[in-house]
Amino acid sequence: MRSIALLNQKGGVGKTTTTANLGACLAMLGKRVLVIDMDPQANLSVHLGVDIHNLKHSVYNLIKGECSPETVLLNTGIHGLDIIPANIELAGAEIELVGVVGRETVLKEYLGDGLNGYDYVLVDCPPSLGLLTLNVLTLVHELFIPLQTEFFALQGVSKLLDTYEVVRKRLNHDLEITGIIFCMYTSRTRLCNEVIGKVKEYPPLGDKAFSTIIRKNVKLSESPSHGKPIISYAPDSYGSEDYMALAKEVLQQENNRK
Ligand SMILES: Nc1ncnc2c1ncn2[C@@H]1O[C@H](COP(=O)(O)OP(=O)(O)OP(=O)(O)O)[C@@H](O)[C@H]1O
Ligand SMILES: [Mg+2]
């Protein structure tokens, strides 16, 4: 099993879009995939068609120890793709957990062996490096960092790398950055290519970049409001093509490791 967090504390860079669509494409390729929504905005849950206003249980109840992983798991309607959804209640957890002993590891603790049987666990992080994100970083073994190909792409990345180093030292020695994903690329602007060039020269990240680049595609921005991943909403779009190529590259990483 591979467990991967989609992390960048910068907002709006493509974390949720990538979690939903990479997850769906890996499931299409025959993998058993679980996605976990750890963002109180619950965009991932909405994107994958969950009715967040009528949830019996959410990841909030799970990390409070109020329900088991089985009761919080939902199928997305896509074969092989399950979700642990979130709703706005999760916003309270950050404060409620402050006084709890072992507060950085409640997600891992309460998931227990609930992850058994999955080939991939993908976790969508909120745009912050707070307690919810720390819980994700103690759970997973890999980090994929989505970057928007724009001028401010690297803003905040050094802070992100500091957090990564601290977590590796103190909480999770196995954590590795294994992918940089360029999102919302437009070939029309020179800036996009400059940003990609700059990141590739940046030592801790450069050699981790996937060769698949996710192009800006209006279908990708429409699909969340239909509650569907791009491969269901617009299977013939560029967005679908790009995320499927990314999924194949992610699978290929395993062959390269063998
Ligand atoms: N390749 C793309 N082409 C067009 N629109 C995109 C693309 N990727 C993402 N978007 C849109 O950009 C917006 C931000 O993307 P997304 O929600 O995935 O970012 P995020 O990093 O999860 O944001 P947040 O930090 O708020 O959680 C969304 O409206 C999404 O639909
Ligand atoms: Mg998001």
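Methionine 184 is partly exposed because its relative accessible area is 27%, where buried means under 20%, exposed over 50% and partly exposed in between, with a 1.4 Å probe and protein chains only. In this predicted model, local features need pLDDT of at least 70, side-chain atom pairs count only at pLDDT 80 or more, and totals for chains, interfaces and linings use all residues. Residues are numbered from 1 along each chain as its sequence is written, chains are lettered from A and ligands numbered from 1 in the order in which they are written, and side-chain values use heavy atoms, with hydrogens and water left out.

Methionine 184 sits in the loop that runs between strand S7 (176-183) and helix H9 (190-200); here helices (H or I, at least four residues) and strands (E, at least two) are DSSP runs, numbered from the N terminus. Phi of methionine 184 is near 60°, a positive value in a residue other than glycine. Alanine 42 likewise has a phi near 60°, and its place is in the loop between strand S2 (33-37) and helix H2 (43-47). Alanine 42 is buried, with a relative accessible area of 1%. Most residues other than glycine have a negative phi.

## Buried loop residues

Asparagine 87 occupies the loop between strand S4 (81-84) and helix H5 (90-96), and with a relative accessible area of 12% it counts as buried. Leaving aside neighbours within four places in sequence, asparagine 87 is in contact (heavy atoms within 4.5 Å) with Pro40, Ala42, Ile52, Leu55 and Ser58.

Cysteine 67, in the loop between helix H3 (59-63) and helix H4 (69-72), is buried at 14% relative accessibility. With neighbours within four places in sequence left aside, cysteine 67 is in contact with His57, Asn61, Leu62 and Val72. The C-alpha atoms of cysteine 67 and histidine 57 are separated by 7.4 Å, the two residues being 10 apart along the chain.

Leucine 26 belongs to helix H1 (residues 15-28) and is buried, with a relative accessible area of 0%. Not counting residues up to four places away in sequence, leucine 26 touches Lys31, Val33, Tyr120, Leu122, Ala247 and Leu251. Between the C-alpha atoms of leucine 26 and glutamate 249, which are 223 residues apart along the chain, the separation is 10 Å.

Leucine 107 is in contact with Met38, Val59, Leu62, Ile63, Asn135, Val136 and Leu139, leaving aside neighbours within four places in sequence. In soluble globular proteins, nonpolar side chains tend to be buried together.

## The chain as a whole

The chain holds 13 helices and seven strands, and buried residues make up 54% of its 258 residues. Among contacts between residues at least 6 apart in sequence, 79% join residues at least 24 apart. The C-alpha atoms fill a box of roughly 50 × 40 × 35 Å, taken along the principal axes.
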